[in-house]
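Subject: Structure for your review

Dear colleague,

Please find below the structure that I am handing over to you. My findings follow directly after it.

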Amino acid sequence: MTSSQDLLARLRNGAQSGAERKVAAALSETFPTSALGTVEALANRAGVSGPTVLRYLNKLGFLRFAEFQAAVMEELDRQLGSPAVQMATPSEPQDAGEHLYRRTLLMQAEALRRVADRAIPAEFDRIADLLADPKLTIRALGGRYSRNLAQRLVAHLGQIRAHVSLIDRSIGFAFDPLVDIGPRDLLVIFDYRRYQQDLLAFAQAARGQGARIVLLTDPTRSPVAELAEAVLTSPDDSPSPFASKVVATAQVEALVAAVVARDRDAARKRLERIEALRRDGQGDA
């Protein structure tokens, strides 16, 4: 029997089509509990059909769903008796007087590690490929507490490729940009709990006009996920009354790095041109 990490790796790395990536994401986000329900529950969570789930597991070598669940349970039983695994699992702080600053940093470090362990490379690569496509115009849009993530993506991505803009919602919700949105546009939406109906309405209208959509959201997934070609999720646990965006910020940084890696020479030349314009006093410092 392979380890649970090997099983997760098979789930993540075997996903290629959009439907397969949805199944892999639904399984990875709350693994192993996500594997212990019914086929129907998993299919509903992933937004695909039951036969799609079974075909993907069959592709990975599991002839029946019960066989896949048995493999998960066997590994869980093995791990429960392993002192090494138990010691490696972070526990709740025992000292009630532990400083909030340290506790918060450790919580975010654990969230980053957990997301890295459950990452689906094909899902990330799909978004990076779209962001790097010079034929597409990139338009980013965020919600009430995630607009800063859209701004960050635009500020960095606009330095390394052309045709990147923010759909600004600083005063109410502007549906006016829809007039210019079509099949050559990629809409990058940031939507986290509590999900905003106006973001969904905008995404639906943009999709209806042919725009392509990718989404960054939390593990329970914004309704926009049903319209998106690819989705990245991030946990948002925080001692603060506001959900954490530490992992989401790291995802934005990773996507920018991936776009640079796809055409480093073009990115370098654009940055050099921007720096020259700044030196000449033609751009903001």
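The second largest pocket is lined by 26 residues, and Val115, Arg118, Ala119, Thr233 and Gln251 are the ones that lie nearest its centre. A pocket here is an open set of points on a 1 Å grid over the protein atoms alone, with protein on both sides within 12 Å along at least five of seven lines, and lining residues have an atom within 4 Å of a point. Helix H2 (18-29), helix H7 (100-117), H8, E5 and H11 each give two or more residues to this lining. Helices (H or I, at least four residues) and strands (E, at least two) are DSSP runs, numbered from the N terminus. The volume of this pocket is about 540 Å³, where a volume is the space filled by probe spheres set on the points, and grid points are joined across faces, edges and corners. By class, its lining has 14 nonpolar, four polar and eight charged residues. Ala, Val, Leu, Ile, Met, Phe, Trp, Tyr, Cys and Pro count as nonpolar, Asp, Glu, Lys and Arg as charged, and the others, Gly among them, as polar.

Please note that this is a predicted model, in which local features need pLDDT of at least 70 and side-chain atom pairs count only at pLDDT 80 or more, while totals for chains, interfaces and linings use all residues. Residues are numbered from 1 along each chain as its sequence is written, and side-chain values use heavy atoms, with hydrogens and water left out.

The model also has one cavity of 30 Å³ or more, a cavity being a set of points where a 1.4 Å probe fits but cannot get out. Its lining includes Gly18, Arg21, Lys22, Glu123 and Arg221. H2 and E5 are the elements that give two or more residues to this lining, and H2 gives the most, with three. The lining divides into four nonpolar, one polar and five charged residues.

I turn next to the strands. E1 and E3 run parallel and are joined by six bridges; two strands pair if DSSP finds at least two bridges between them. Within this pairing, Leu141 stands opposite Ile189 in E3. E1 also runs parallel to strand E2 (residues 164-166), with three bridges, and Ala140 has Leu166 as its bridge partner in E2. On E3, five bridges make a parallel pairing with E4, where Val214 is the partner of Val188. Five of the six residues of E4 are buried, so E4 is largely enclosed by the rest of the structure. Buried means under 20% relative accessible area, exposed over 50%, and partly exposed in between (1.4 Å probe, protein chains only).

The largest nonpolar core has 30 residues, of which Leu131, Ile138, Leu153, Leu157, Leu186, Val188 and Phe190 touch the most other members. Such a core is a set of buried Ala, Val, Leu, Ile, Met, Phe, Trp, Tyr and Cys residues joined through side-chain atoms within 4.5 Å. Among the elements that each supply at least two residues are helix H8 (121-132), strand E1 (137-142), strand E3 (185-190), strand E4 (212-217), strand E5 (230-233) and helix H11 (246-262). H11 gives the most, with seven residues. A second, separate core of 26 residues includes Leu7, Val53, Leu57 and Phe62.

Yours sincerely
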